[in-house]
Amino acid sequence: MRTAYSVSTVRAAERDLMARLPEGALMQRAAAGLAAACRELLGRVYGSRVVLLVGSGDNGGDALYAGARLARRGAGVVAVLLSPERAHPGGLGALRAAGGRVSDDALRDLARCDLVVDGIVGIGGRGGLRPDAAELARAAWESAPVVAVDLPSGVDADSGEVRGEAVRADATVTFGAYKPGLLIDPARERAGALRLVDIGLTLPGEAEFEALQHADVAELLPRPAVESDKYRRGVVGVVAGSARYPGAAVLAVAGALRGGAGAVRYVGPATDAVLARFPETLVHAGPPHKAGRVQSWVIGPGIGDESDALEDVLASDVPVLVDADGLRFLTPERVRARTAETLLTPHAGEAAALLGRGRDEVEAERLASVRELAARYAATVLLKGSTTLVARESGPVRVNPTGTGWLATAGSGDVLSGVTGSLLAAGLPARDAASVGAYLHGLAARRAAGPEGAPILATEVADHLGAAWRDVTG
């Protein structure tokens, strides 16, 4: 599992370690890891040209010491000092002693370099870059591959927010622990490939953020035992679709069946469309509480203005996933009154409506938004988007690493609801069901889009869920 920690937690761990190390040793560890990553990107160090963008803090010192290591291996290293009077004195001295120099024409040096090292602002930075730094960041992106030191300058390390101009890196070398902003958009898209350098920090046992990997998902996936039957594997009830949106019902049922449910009970007006595609579905005219036994409910995709079924489902004593149209009728009081788990799966626009904010605000502050929703509704919340986030009232926020822009297609959220509902029915807690469902959903979309990427349909995402499952389990 990839874990991330807040700036305050990392700073505390750094202070504790520095108290036990010789002065400057921690920075040397970071610089060594940074220099090694730069060597790999350059391929051939001798004769290469490297430009360091150096700010006034320790981030700039890391860049300078790493530059000195590259210079000693034959690279031509030039430092662009954004605050010359505040540059790290030890790092600047080491660079000069190794044959590096300070630039007298930053744009000229950037135009003819092979690699740029972004050491402008560290993890304590707030807000976007100043105009002079922003100009250099733009020139760097247009000239050569950019390696960010700890995180791209100008992004918020704790939230992933980008308030103003920021560096866009091809790779980020981060020290001691991943920072949340490296995993959460919009900052994540600016970080490029991530490399973690172990500098010896002792961090708390429970991280503040988690990103599941294949092995974690494989461990969580429910597997049928020899004595399993369809009821033991989990029966998920799906309330979806309407005369206007019958396809939403088909897609939600597809996700539930492909997600591993032993059986799916469908309640709604799209019975004919569902049975035409999936004759194994158990159907009922409603209301939901008369449809038969289920281990979870999925309600909302395409139901339009029908709210009676929502009240029926929320009154049940099994986990309930509420998506799409179902979210419009929710109140915090009704959700808080439930004894079983509730999982809400809004996209940014739906989250904005639930919070009474603008969509742009939610998209800019994804982490704060998902946390506020979880606290307000006392529920697990899966916030869809370029980075899917899963939050509860307490505990680590989960960040899904498998998303792709090709998922931005009509109906893909209905498939996700079905998949996740099937995992709830199999007995996974809401946070695990949401995290695993999003992971498989993203893998299926990647498979459907292909290695080069291509437009996909939501039905194709559903069709590739079995292959995504096999990818995880080997």
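Keep in mind that the model is predicted.

**The whole chain**

Let's start with the big picture. The chain has 20 helices along with 18 strands. Its radius of gyration is 25 Å, close to the 23 Å that the globule rule gives for 474 residues, so the chain is as compact as a globular protein of that length. If you trace the C-alpha atoms, they span about 80 × 45 × 40 Å along the principal axes.

What share of the 474 residues counts as buried? That would be 57%. Now take the contacts with a separation of 6 or more: residues 24 or more positions apart account for 68% of them.

**Zooming in on strand E13**

Strand E13 covers residues 296–299, and both of its faces are covered. Ser 296 and Val 298 sit on one side, Trp 297 and Ile 299 on the other, and all of them are buried.

| Strand paired with E13 | Direction | Bridges |
|---|---|---|
| E10 (residues 235–239) | parallel | four bridges |
| E14 (residues 320–322) | parallel | three bridges |

Which residue of E13 is the bridge partner of Val 236? It's Ser 296. Over in E14, Val 322 is the bridge partner of Ile 299. To get from E13 to E14, the chain crosses through helix H12 (residues 308–314), and this β-α-β crossover is right-handed.

Key
Residues numbered from 1 in each chain as written. Predicted model: local features only at pLDDT ≥ 70, side-chain atom pairs only at ≥ 80, totals over all residues. Heavy atoms only, no water. Buried < 20%, exposed > 50% of the residue type's maximum accessible area, 1.4 Å probe, protein only. Helix = DSSP H or I, 4+ residues; strand = E, 2+ residues; numbered from the N terminus. Pairing = 2+ DSSP bridges. Right-handed = clockwise from strand over helix to strand, strands pointing away. Rg over C-alpha atoms; globule rule 2.2 N^0.38 Å. Contact = heavy atoms within 4.5 Å.
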